[in-house]
Amino acid sequence: MAETTAAPAFPIAAIAEFPAPGMAVPGAFTFSADDAQVRYLAATPQQPTQQLYALDIATGARRVLVAPPGGGTQEDKLTPEEELRRQRTRTLATGLTSYDVNDRSGRILIPLNGDIYVQDGPDAPLCRIFAHGEGAPAQDAAFSPDGSQVAFVQGGEICVMAADGGAARQVTHGMKADGVTRGLAEYIAQEELGRTRGFWWSPAGAHIAFVEVDERHIPPYRIMHQGKDETGPGAQEDHRYPFAGQANACVRLGVISVAGGEPAWMDLDLGEEIYIARVFWWPNGDLGAEILNRPQTRLELVRFDITSGARSTLLREESKHWVTMRTQHRAVLRDGSFIWASERSGFNHLYSYDKN
C-alpha cells in the first residue's frame, strides 16, 4: 500500500505571521440598544490589526465601524501604562483593544495608547478629543450615561471632559505622591478579583464613585529586562508588588460630584482587612458594592448612602473554607430587586431577592 502524507493544516510560513494560527478570535461583544446588531473587535489574516465590527443579526452582513487611525497604533511605541494594561488583561492583539459605545447618543469611544477618540455615530469621522502629548496618558476612559461627557484617569486623578472636545477638568484632588492613585484598580483587584475598573458613573451622570489606592507602604519590586542593549531605567521597571501574606494596598471608596468639591467616603469598617471586589449603582441612586474579606470566607452585598457614607448589608455569604468570587454574582432589576448567584447549598443556584 502506498503511503500518503496528509497536507499540513496551515502553511509553515503562517507560524511567523500575525495573528498566529487560531488567534484571530473575535471578542468584546456588545449588543445595540435595539438588539439589531452585535459589535465586536476582530482581526483577520488579511487585516491583522484589530478593528471594531458590527454584525447585522437579521442578514448576517458585517461592516467595519471603526478602524485604527492611520491603519495602526505604533505598537513599538506603546506607553508603559498601556503595556501594563494589556499585560493585566492578557491582551495580545494589536490595533483597537477596547471601546465604549453609548447607545443614547450613538457615540463610540476609542481609547488608543493614551489618547481618546470619539466617533459621533457609525458613519461619522473618528475625532481625537484628547491627546496626552508630553503629559501623562489617559487611562480607562468611559462615557457618562448620556454620552455627553467622558471621564478618564490622568496622572492618578480623575478628569472629565465634553465628548465633543474641549478642555479636561480634574475632579479629584489629593496628595501628589508616588504610590497614590484615584480611579485606578489596584493590582489585586485586577489580577486576582477580575475588577479592572476603578471609577463608576452614577446613573444620572452627576456623580462618580471611585477607589483611592495608597501603595506607599509597599516596597518597590524591581523587574530587570535582561538582554536589552541599554542599561539603567530603560532596562528595568519598579512596581509596588504585594507579596502573599504581606501588606496589601490601602483602598478607600469615595463618591464625588462631577461639578467638583470634596468626596464623601463610604464606611468600609468591617472589623478586618477587606477587598472591594465589585462596585455598582442601585437604581435609586445609592452606591452598591460586593466586599470580600482577605481570607475570602465572607462576601457581603452592601448599600451605601452617598451623602453620609453609611453602609447597610443586604446579604452575606459565608463559608468556613472559601467563597467563590464570580465575575458577576448579581443582576439588578429596574425596581431595585436583584438576582443573586450562590453556592451556599454546595451547588450553584440563582436566588431572587427584593430590594431590601
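This is a predicted model: local features need pLDDT of at least 70, side-chain atom pairs count only at pLDDT 80 or more; totals for chains, interfaces and linings use all residues.
Residues are numbered from 1 along each chain as its sequence is written, and side-chain values use heavy atoms, with hydrogens and water left out.

Two terms are needed from here on. Strands (E, at least two residues) and helices (H or I, at least four) are DSSP runs, numbered from the N terminus. Two strands pair if DSSP finds at least two bridges between them. Strands of a sheet pair through backbone hydrogen bonds, either parallel or antiparallel.

**Stop 1: the S7–S8 hairpin**

The hairpin has 6 residues between the strands, and among them look for Gly-121, which takes a positive phi near 110 degrees.

Now step back to Asn-113, in the loop between strand S6 (107–112) and S7. Asn-113 has a positive phi of about 50 degrees although it is not a glycine. Most residues other than glycine have a negative phi. Is Asn-113 buried or exposed? Asn-113 counts as buried because its relative accessibility is 16%; buried means under 20% relative accessible area, exposed over 50%, and partly exposed in between (1.4 Å probe, protein chains only).

**Stop 2: the S3–S4 hairpin**

Select 51–56 and 62–66. These are strands S3 and S4, which run antiparallel and are joined by 4 bridges. Tyr-53 stands opposite Val-64 in S4. Between the two strands are 5 residues, and Gly-60 in the turn has a positive phi of about 80 degrees.

**Stop 3: an open sheet of 4 strands**

Next, show strands S9, S10, S11 and S12. They form an open sheet in the order S9-S10-S11-S12, with antiparallel pairing. Its edge strands are S9 (138–143) and S12 (169–170), each of which pairs on one side only.

At one end of the order, S11 (residues 157–162) and S12 run antiparallel and are joined by 2 bridges. Pick Cys-159 to find its bridge partner in S12, Gln-170.

Then go to S9 and select Asp-140, which lies in that strand. Asp-140 is not a glycine, yet has a positive phi of about 55 degrees. With a relative accessible area of 23%, Asp-140 is partly exposed.

**Stop 4**

Select Glu-300, in strand S22 (residues 298–304). Glu-300 counts as buried because its relative accessibility is 5%. Which side chains make polar contacts with the side chain of Glu-300? One is that of Arg-298, at 3.2 Å, and another is that of Thr-313, at 3.1 Å. A polar contact is a pair of N or O atoms within 3.5 Å; within protein, one must be able to donate a hydrogen and the other to accept it, and residues adjacent in sequence count only if both atoms are side-chain atoms.

Not counting residues up to four places away in sequence, Glu-300 touches several others, including Leu-270, Ala-289 and Ile-291; contact means heavy atoms within 4.5 Å.

Move to Ile-291, in strand S21 (residues 287–293). At 1% relative accessibility, Ile-291 counts as buried. Leaving aside neighbours within four places in sequence, its contacts include Ile-274, Leu-299, Glu-300 and Phe-304. Ile-274 is 17 residues away from Ile-291 along the chain, and their C-alpha atoms are separated by 6.6 Å.

**Stop 5: the second largest pocket**

On a 1 Å grid over the protein atoms alone, a cavity is a set of points where a 1.4 Å probe fits but cannot get out, and a pocket is an open set with protein on both sides within 12 Å along at least five of seven lines; lining residues have an atom within 4 Å of a point. Grid points are joined across faces, edges and corners, and a volume is the space filled by probe spheres set on the points.

The second largest pocket holds about 310 Å³ of space. Of its 15 lining residues, the closest to the centre are Arg-278, Val-279, Thr-327, Gln-328 and Arg-330. Strand S20 (274–281) supplies the largest share of the lining, 4 residues.

**Stop 6: the cavity**

Finally, select Glu-186, Tyr-187, Ile-188, Glu-215, Pro-242, Asn-248 and Ala-249, which line the largest cavity. Its volume is about 30 Å³.
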